[in-house]
Amino acid sequence: MTADLFEDMDAVEPAQQALAPGAVLLRGFARGNDGVLLAALDSLLAAAPLRHLVTPGGHTMSVAMSNCGALGWVSDRRGYRYTAADPLSGRPWPAMPAVMRELAARAAQAAGFGGFAPDACLVNQYLPGSKLSLHQDRDEQDFSAPIVSLSLGLPAVFLFGTPERSERPQRYRLQHGDAVVWGGPARLAFHGVAPLADGEHALLGRRRINLTFRQAG
Ligand code: SIN
Ligand code: FE2
């Protein structure tokens with residue numbers, strides 16, 4: 001055995017990895033479109049800037065968020081919900097860029113969920129130390145459509161469990177361009193993100209962006 005066999009473990013990891021029945025990690029899925037994605041992201045964030053939402057319990061989230069699409073996910077002291085307008089500006093959320101909608105639909109298809117037509121995309125920005133506690137995505141009208149997540153920038157440790165809160169989640173390293181799709185029996189799986197480690201990404205600098213696509217309405 002030589003050391004270079006272990007030099008790049010990612011090179012020997014499969015492109016597709018089943019996380020659970022109904023949940024798939026698609027490595028590098030969006031890497032070829034990252035330039036277009038980041039340009040689209042810049043213009044949508046200029047219209048609907050990232051902001052730190054407050055949870056119903058009064059805690060300010062460490063992840064900064066925005067949205068695009070017909071509906072956007074928000075949280076405040078009154079609860080979690082989807083809105084058609086950005087509460088900061090009163091205007092509709094920016095339209096979902098075609099490149100995002102199409103990549104999300106292709107990722108869903110590759111994971112076995114045809115016909116995914118997201119009407120909501122939550123943009124999450126993590127800086128070193130930002131984290132997202134274990135939660136279920138359950139503010140959508142119906143759970144027949146999957147959730148599609150695309151990751152850009154610094155790598156993160158994604159925690160992915162089952163629909164039972166008491167079960168200890170597995171840990172997966174998500175890198176620039178990776179997609180995760182969970183639906184069917186995994187649709188209500190608990191998931192979260194461990195505190196982001198510091199680093200420098202060639203395109204995004206010291207941050208990670210995650211785009212989470214939902215059929216919310
Ligand atoms: C989320 O659950 O909304 C985001 C997950 C992630 O950042 O990977
Ligand atoms: Fe989530």
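Strand 13 contributes four residues to the shell around ligand 1, the most of any element. Here helices (H or I, at least four residues) and strands (E, at least two) are DSSP runs, numbered from the N terminus. This is a predicted model, where local features need pLDDT of at least 70 and side-chain atom pairs count only at pLDDT 80 or more, while totals for chains, interfaces and linings use all residues. Residues are numbered from 1 along each chain as its sequence is written, chains are lettered from A and ligands numbered from 1 in the order in which they are written, and side-chain values use heavy atoms, with hydrogens and water left out.

**The ligand and its shell**

- Strand 6, strand 7 (132-135), strand 12 (191-193) and strand 13 each provide at least two residues of the shell around ligand 1.
- The residues around ligand 1 are L122, N124, Y126, L132, H135, F158, H191, V193, R208, N210, T212 and R214; a residue is near a molecule or strand if one of its heavy atoms lies within 4 Å of it.
- Taken alone, ligand 1 exposes 260 Å², and the protein buries 99% of that; accessible areas come from the Shrake-Rupley method with a 1.4 Å probe, and for residues only the protein chains shown count as cover.
- Ligand 1 sits in the largest pocket.
- For that pocket search, a 1 Å grid is laid over the protein atoms alone: a cavity is a set of points where a 1.4 Å probe fits but cannot get out, a pocket is an open set with protein on both sides within 12 Å along at least five of seven lines, and lining residues have an atom within 4 Å of a point.
- A molecule sits in a cavity or pocket if more than half of its atoms lie within 2 Å of its grid points.

- Seven of the seven residues of strand 13 (residues 208-214) are buried, so the strand is largely enclosed by the rest of the structure; buried means under 20% relative accessible area, exposed over 50%, partly exposed in between (1.4 Å probe, protein chains only).
- In a regular strand the side chains alternate between the two faces of the sheet.
- On one side of strand 13 are R208, N210, T212 and R214, on the other I209, L211 and F213, and both faces are covered.
- Strand 6 (residues 120-126) pairs with strand 13 in the antiparallel sense over seven bridges, and Y126 has R208 as its bridge partner. Two strands pair if DSSP finds at least two bridges between them.
- Strand 8 (residues 147-153) also runs antiparallel to strand 13, joined by six bridges, with S151 opposite N210.

**The hairpin of strands 1 and 2**

- Strand 1 (residues 16-20) and strand 2 are antiparallel partners over four bridges, and A18 has V24 as its bridge partner.
- Two residues separate these strands in a hairpin, and G22 in the turn has a positive phi of about 90°.
- From strand 2 (residues 23-26), A23 and L25 point one way and V24 and L26 the other, and all are buried.
- Strand 2 also pairs with strand 11 (residues 179-182), antiparallel over four bridges, where L26 meets its bridge partner A179.

**Loop residues**

- S130, in the loop between strand 6 and strand 7, is buried at a relative accessible area of 5%, and its side chain reaches the backbone oxygen of S62 at 3.2 Å.
- F190, in the loop between strand 11 and strand 12, is buried at 7% relative accessibility.
- Q141, in the loop between strand 7 and strand 8, is exposed at 66%; its C-alpha atom is 5.6 Å from that of G217, 76 residues apart along the chain.
- R165, in the loop between strand 9 (156-160) and strand 10 (170-174), is exposed at 55% relative accessibility.

Notes
Polar contact = N/O pair within 3.5 Å; in protein donor to acceptor, adjacent residues only side chain to side chain.
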